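Reader: Please take me through this one in plain talk. I'll keep asking as we go.

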Amino acid sequence: MPRSGSRAAFLLLSPLLLLRAVLTVPLERGTPKEESPATESPDTGLYYHRYLQEVINVLETDGHFRDLAQYDAAHHEEFKRYEMLKEHERRRYLESLGEEQRKEAERKLEEQQRRHREHPKVNVPGSQAQLKEVWEELDGLDPNRFNPKTFFILHDINSDGVLDEQELEALFTKELEKVYDPKNEEDDMREMEEERLRMREHVMKNVDTNQDRLVTLEEFLASTQRKEYGDTGEGWETVEMHPAYTEEELRRFEEELAAREAELNAKAQRLSRETEALGRSQDRLEAQKRELQQVVMQMEQRKQQQQQQQPPPQQQQQQQQPPQQQQGHIDPAPGPEGQLKFHPETDDAPVPAPAGDVAALEKKVPEQPAEQPQLGSQHL
């Protein structure tokens, strides 16, 4: 079958069949043989090359991509300050203890450090031993049939033809688990993340030859041919073997902490004084508020007293009217001889006539003689 036809059939295989096909091919550990030129159109290869170059150009102008190195440097600096702060607090804690308590605390700390150092050998990232361990433990494949190209294809998760930083860091999980366990008190997870970053930087430095922060298949295969790939010596030196700071850096850091602590104390005292002043002002305002409330209450009481002392509005109006118009009636006028004539206070009572009319009426009505008592026959 022509080479182009076999390649087409190979691409049509499912991932599982592809893996089986690769595993059944005898592995040759010698120098790779030069392959004959591909029968694909050269235009396709040139187009792909131009495409990759354009991608690289875009990434180089991307501020975020360009600042990844600065991000790593900032991460290292942050970790250094974290380690110095941890050591500073440890020393201050020991200084605050008595002699016997300090010895016990130091003994406990040394025991934790000893347990942390007791771990299996950590393989150098990117070495044959490290990659074969991933091949066997994580991929579940036969270590005797390890193939770098197949390994690259398996761990190119997004199938973009390169291993990016996240895909590389995923390869170090097995090595990190040898040293760090979240359940152990002596294992610091911040140190684990720093360890992961150091491993990735090591691989990028030795494998990523063009320093574009991406590992191509060619770069990966080339790294497997170097001497360092198989000769890893004593293994990977973890964070505790490489202190992140010097004693001089720790001294300057403690001076900086002392200056910041003094500044914060001064600020706290100033805020405390301001709080006290505000409290006093609040007390004065509360006192003024109570005084105003008392004045308002006194004014309300006086107003109620005045309203109680004054007669009702109807009574006031009657008091202001002439005497003959008060109480809704008119005093009876005297008769010719000065006698008073009273009338019932009802709505149906007739209106009294004037004095002159009364006199005329009295003249018209004859006076009846006084009734004489009748004498009985016995008196006669």
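Reader: What is the relative accessible area of Asn184?
Author: The scale calls a residue buried under 20% relative accessible area, exposed over 50% and partly exposed in between (1.4 Å probe, protein chains only). Asn184 is partly exposed because its value is 29%.

Reader: And what kind of model is this?
Author: Residues are numbered from 1 along each chain as its sequence is written, and side-chain values use heavy atoms, with hydrogens and water left out. Local features need pLDDT of at least 70, side-chain atom pairs count only at pLDDT 80 or more, and totals for chains, interfaces and linings use all residues, this being a predicted model.

Reader: OK, back to Asn184. How far apart are the C-alpha atoms of Asn184 and Gln112?
Author: Asn184 sits in the loop between helix H10 (173-179) and H11. Helices (H or I, at least four residues) and strands (E, at least two) are DSSP runs, numbered from the N terminus. Gln112 is 72 residues away along the chain, yet the C-alpha separation is 9.3 Å.

Reader: How many helices and strands are there in the protein chain?
Author: The chain has 380 residues, with 23% of them buried. By secondary structure, the protein chain counts 15 helices and two strands.

Reader: Which residues is Lys80 in contact with, sequence neighbours aside?
Author: Lys80 belongs to helix H5 (residues 68-95), and it counts as buried because its relative accessible area is 18%. Contact means heavy atoms within 4.5 Å. The C-alpha atom of Lys80 is 9.9 Å from that of Thr246, 166 residues along the chain. Skipping neighbours within four places in sequence, the contacts of Lys80 are Ala244, Tyr245 and Glu249.

Reader: How much space lies in the largest cavity?
Author: On a 1 Å grid over the protein atoms alone, a cavity is a set of points where a 1.4 Å probe fits but cannot get out, and a pocket is an open set with protein on both sides within 12 Å along at least five of seven lines; lining residues have an atom within 4 Å of a point. Points join across faces, edges and corners, and a volume is the space filled by probe spheres set on the points. By this rule there is one cavity of 30 Å³ or more. The largest cavity holds about 80 Å³.

Reader: Which elements give two or more residues to the lining of that cavity?
Author: Among the lining residues are Gln130, Leu131, Val203, Val207 and Phe220. The elements that supply two or more are helix H7 (128-138), helix H11 (189-207) and helix H12 (217-223).

Reader: How many charged residues line the second largest pocket?
Author: The second largest pocket has a volume of about 800 Å³, and the residues closest to its centre are Glu83, Lys86, Glu87, Gln113 and Glu191. H5 and helix H6 (99-117) each supply at least two lining residues. Beside five nonpolar and four polar residues, the charged ones number 13.

Reader: Is Arg213 buried or exposed?
Author: Arg213 is in the loop between H11 and E2, and Gln211 lies in that loop between H11 and strand E2 (215-216) too. Neither is glycine, but both have a positive phi, near 55 degrees for Gln211 and near 65 degrees for Arg213. Gln211 is exposed because its relative accessible area is 52%. Arg213 comes in at 17%, so the call is buried.

Terms used:
Ala, Val, Leu, Ile, Met, Phe, Trp, Tyr, Cys and Pro count as nonpolar, Asp, Glu, Lys and Arg as charged, and the others, Gly among them, as polar.
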